[in-house]
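Subject: Handover of the structure and notes on it

Dear colleague,

I am passing on the structure below, followed by an account of what was found in it. Please read the notes with the coordinates open beside them.

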Amino acid sequence: LLHCSATGTPTPVYSWTLDGQTVDVSHAGYSLAMNGTLLVERAQLVDAGVYVCKARNLLASPKSEAQTVTVRVEPQIEFPTHNFTINFTTPMKISIGCSAVGIPQPVVEWRFDDTNVIVRNDSVQYSLISDVERNSKDMFEVTSNLTIQTPVTDDTGPYICSVTSPAFLTVVERTIHVIVLVAPTFVSSPKNATLLQTTQALLQCSASAAPVSFIEWRKNGAALPSNNRYVISSSSVATSNIEGRPFITSSTLTIADSIYTDAGVYSCHSINAIDEVTSNVATLVVEVPPAISSHPV
């Protein structure tokens, strides 16, 4: 309700302006009482502004003091419009943004890994830059950009942009799931071994990578096939239940009945979508017991 009262003879006729433009009281959103009171029904953002009442009769048309109407608007997130996942490759910086509007000014905070831990601009790892703009209708737009300076695999996970308002109980959130992609690194390499011919040879290695890597075995630099002679078994295990965290891939090369030609230099070659790396090499020595090749006649 916007009140306006005036005296005079003849009885004045009331009208209102909004930001200098005449208010059309025949519009469904407005009603004007005989005493000059203006009712704004179900106020929208377009109804915000400076209202002035004019009381007019045949002798004069004085104006009232201006009355400013501010319409409160529940906070909304304009960007991102939906939850999404984004991949980054080290060592590039990671930057993600969130933009919210509302009246009064919304509060934008970031949480990591869906906990109550708020990401703050007080560490070497994170950088937060916020910008606030205000339009002619007093609508605030708050933009918050979060930068991870030196991303590592532990930075993989959900980042939640949480928006609140001091005037509403509403909490609006968007989740940006960041996945930090890394090249394979070997957790363990095959080890040197010496064994007797016909005994079993067992070589093992494991590598960490995101996304998961494939391990290839090599002998003297050449890829080994998995067959009846060389049995290769591999398995991968996630290091966390958080989507995108590294996998540990372990691989075992088994040579059931070794012969002297199995001797050589062995290595693992780990490959994923980011890069491929080779482990430290291991030397396999196959010893052959002496045998009499000829007998005296």
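Is Arg229 buried, exposed or partly exposed? Arg229 counts as partly exposed, because its relative accessibility is 28%, and please bear in mind throughout that this is a predicted model.

**Salt bridges**

Arg229 forms a salt bridge with Asp262, in which the closest N and O atoms are 2.4 Å apart. This pair links distant parts of the chain, with Arg229 in the loop between β18 (222-223) and β19 (230-238) and Asp262 in the loop between β20 (247-255) and β21 (264-271), 33 residues apart. Asp262, for its part, counts as buried, because its relative accessibility is 1%.

Glu216 forms a salt bridge with Arg218, the closest N and O atoms lying 2.8 Å apart, and Arg218 is partly exposed, with a relative accessible area of 22%. Asp138 forms a salt bridge with Arg134, where the closest N and O atoms are 3.2 Å apart; Arg134 is exposed, since its relative accessible area of 53% lies over the 50% cut-off.

**Disulfides**

The structure holds three disulfides, and, with the bonded cysteines counted along the chain, they follow the pattern 1-2, 3-4, 5-6.

Cys4 and Cys53 form a disulfide with their sulfur atoms 2.0 Å apart, and their link is left-handed, with -80° about the S-S bond. Cys4 lies in the segment before β1 and Cys53 lies in strand β5, so this pair ties together parts that are 49 residues apart in sequence. Cys4 counts as buried at 11% relative accessibility, and Cys53 is buried as well, with a relative accessible area of 1%.

Cys98 is joined to Cys161 by a disulfide, with an S to S distance of 1.9 Å, and the link of Cys98 and Cys161 is left-handed, with -80° about the S-S bond. Because Cys98 lies in strand β9 and Cys161 in strand β13, the pair ties together parts that are 63 residues apart in sequence. Cys98 counts as buried at 1% relative accessibility, and Cys161 counts as buried at 0%.

Cys205 and Cys268 form a disulfide in which the sulfur atoms are 2.1 Å apart, and with -100° about the S-S bond this link is left-handed. Cys205 lies in strand β16 (residues 201-210) and Cys268 in strand β21, so the pair ties together parts that are 63 residues apart in sequence. Cys205 counts as buried at 2% relative accessibility, and Cys268 is buried, with a relative accessible area of 0%.

**Nonpolar cores**

The largest nonpolar core has 24 residues, of which Ile96, Trp110, Tyr126, Leu146, Tyr159, Cys161 and Val178 touch the most other members. At least two residues of this core are supplied by each of β9 (94-103), β10 (107-112), β11 (126-134), β12 (140-148), β13 (157-165) and β14 (168-188), and β14 gives the most, with five residues. Cys161, one of the residues that touch the most other members of the core, is also the disulfide partner of Cys98.

When residues up to four places away in sequence are not counted, Tyr159 touches Ile96, Trp110, Arg111, Phe112, Tyr126, Leu146, Ile148, Arg174, Thr175, Ile176 and Val178. A second, separate core of 15 residues includes Ala201, Trp217, Cys268 and Leu284, and Cys268 is the residue that forms a disulfide with Cys205.

**An open sheet**

Four strands form an open sheet in the order β2-β1-β5-β6, and their pairing is antiparallel. β2 (21-22) and β6 (67-69) stand at the edges, each with a single partner strand, so one side of each is left without a neighbour in the sheet. Strand β1 (residues 13-18) and strand β5 (residues 49-56) run antiparallel and are joined by six bridges, and Leu18 stands opposite Tyr51 in β5. Strand β5 also holds Cys53, whose disulfide partner is Cys4.

With kind regards

Terms used. Residues are numbered from 1 along each chain as its sequence is written. This is a predicted model: local features need pLDDT of at least 70, side-chain atom pairs count only at pLDDT 80 or more; totals for chains, interfaces and linings use all residues. Side-chain values use heavy atoms; hydrogens and water are left out. A salt bridge is a side-chain nitrogen of Lys or Arg within 4 Å of a carboxyl oxygen of Asp or Glu. Buried means under 20% relative accessible area, exposed over 50%, partly exposed in between (1.4 Å probe, protein chains only). A nonpolar core is a set of buried Ala, Val, Leu, Ile, Met, Phe, Trp, Tyr and Cys residues joined through side-chain atoms within 4.5 Å. Contact means heavy atoms within 4.5 Å. Two strands pair if DSSP finds at least two bridges between them. A disulfide is a pair of cysteine sulfur atoms within 2.5 Å.
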